[in-house]
Amino acid sequence: MMVKGDDITPELVQQALKDTGITIKRVDFDITKLIAMLTSGNPPDLVRGVGAQDTAYFAARDVMQELDSYFAGSSVLRLDDLDPVNDLWRYDGKTQGKGPRYGMAKDFSQDSMFWYNTSAFDRKGLDYPSETEPVTYEEWLENARGLVQRSKGQTTVFGGSYNGLTKATLLATMTASAGGSLFSDDFSRVDFTTPEARKALAWYIEYCRTRVGPSAIQPDPNGWDGPTFQAGRLAMSNSGYWLGGLIGTDKKLAEVSRLAPAPMFAGGERISACQGGTGLWMPRKARNKDAAWRIFEWFFGEAPAKSRASGGWGIPTLKSLRPLMPAQEDYQKRVLRVQENELKHFSVVAFSPYTTGDSFEALFNQAAPAAMKGEISVDTLAGNLNSVINEQLKRGKEQVG
């Protein structure tokens, strides 16, 4: 298995041997090494992947094993028990979310949702966001402006963080909320100049420009939202349900923390996507497919899955495991109510097979800071992004053929 350290711990390797009789050899995930192994025809038997970004990319290159026949014969992973988030791991050759299954998510969140600290709202006399009705992106940013605290030119408390898991999935999801699509119908081009994509881009640049939260021009010293939210230095965090696993370790923080629905654009659509869906897939040239599938079943449907479900670090991707989600304390029950209501608004936002989230991010981070600093306009940035990202997509399409 090519995974990260916290995906398969040494303890889980021992438990797998005890539960299944199969020995797992763990290799640290490395994209360069993975591509070399795939190219040489000697890949791992199971590989870590982020469904929202990786499925179309690897499936289009014909290196993923279709798993429909395995699912059909499984009593552990039944199709009628799969949460719709697992459609992130489907690709029909044109569109993500349809066609054969190539993998499965281990757990998930609707990553456009946000947490907020009621103490921060109380100090500023601001009304709490609704637990059932989304605020608009405009209202979210207005709240962030009201919540930010500064001293001697430095931001001491961020009003809010809204960066998504990657800029690609963030902007694709926001464009969908505005009623459009970031990508062309065949996913071979982006167009940031359409009204919907420009609205998403302009909002994000305004968020960065006003310095109400972490960004490329105002990094969070902690590198991510968790420790900053814990320390009371972040009033709102664009993190889905999964952050509750961290929040729940601090009872005082948990009491003042609330989960809210994903924002939407005024007049747009209510979209609450998963920007991650991390899980596993099986390479087409894997040499131990039956053993790999048995570990796949065990990891996604047996002891490890039950342990993850009860930890509060993500929503189980088997509906039958939902009763294991933490609901003992009042704050856990409240979070669960909000989350269960939000599930009704889940949808797959398809991604292009011709680039990766990391490649998109690198180009965005080169082009966007000038607009964040007010040195160029949003329209100029939109044109610059179209130019560099479409060149990347063109090369990706040539690779796929």
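Colleague: Before we begin, what pLDDT do local features need?
Modeller: Residues are numbered from 1 along each chain as its sequence is written, and side-chain values use heavy atoms, with hydrogens and water left out. As the model is predicted, side-chain atom pairs count only at pLDDT 80 or more, totals for chains, interfaces and linings use all residues, and local features need a pLDDT of at least 70.

Colleague: Let's start with helix α8. How far does α8 reach from its first C-alpha to its last?
Modeller: Helices (H or I, at least four residues) and strands (E, at least two) are DSSP runs, numbered from the N terminus. Helix α8 covers residues 195-209, which is 15 residues. The expected span of a helix is 1.5 Å times one less than its number of residues. For α8 the expected value is 21 Å, and the helix comes close to it, reaching 20 Å.

Colleague: Which helices do the buried residues of α8 pack against?
Modeller: Buried means under 20% relative accessible area, exposed over 50%, and partly exposed in between, using a 1.4 Å probe and protein chains only. In α8, the buried residues are A197, A200, L201, W203, Y204, I205, Y207 and C208. Contact means heavy atoms within 4.5 Å. The buried residues of α8 pack against α6 (137-147), α7 (167-177), α15 (357-367), α16 (369-372) and α17 (378-400).

Colleague: Which residues does L201 touch, not counting residues up to four places away in sequence?
Modeller: L201 is one of the buried residues of α8. Not counting residues up to four places away in sequence, L201 touches L171, F192, F364, V378, L381, A382 and L385.

Colleague: Is T210 buried or exposed?
Modeller: T210 sits in the loop between α8 and α9 (225-230). Leaving aside neighbours within four places in sequence, T210 is in contact with L141, R145 and R150. The C-alpha atoms of T210 and R145 are 7.9 Å apart, although 65 residues separate them along the chain. With a relative accessibility of 16%, T210 counts as buried.

Colleague: How do α7 and α15 stand to each other, roughly parallel or roughly perpendicular?
Modeller: Axes are lines fitted to C-alpha atoms, for helices over the stretch in contact, and angles run from 0 to 180 degrees between N-to-C directions. Angles under 35 degrees count as roughly parallel, over 145 as roughly antiparallel, 65 to 115 as roughly perpendicular and the rest as oblique. The axes of α7 and α15 are 8 Å apart, at an angle of about 85 degrees. The two helices, α7 and α15, are therefore roughly perpendicular.

Colleague: Which residues make that contact between α7 and α15?
Modeller: E361 lies in helix α15 and, at 17% relative accessibility, counts as buried. Leaving aside neighbours within four places in sequence, E361 is in contact with T166 and K167. The helix contact is made by K167, A168 and L171 of α7 and F360, E361 and F364 of α15.

Colleague: Now the strands. What is the bridge partner of V50 in β13?
Modeller: Two strands pair if DSSP finds at least two bridges between them. Strand β13 (residues 278-281) pairs with β3 (residues 47-50) in the antiparallel sense over four bridges. β13 also pairs with β6 (residues 103-105), again antiparallel, over three bridges. The partner of V50 is T278.

Colleague: Why is helix α3 largely enclosed by the rest of the structure?
Modeller: Helix α3 spans residues 51-60. Its buried residues are G51, A52, Q53, D54, T55, A56, Y57, F58 and A59. α3 is largely enclosed because the number of its ten residues that are buried is nine.
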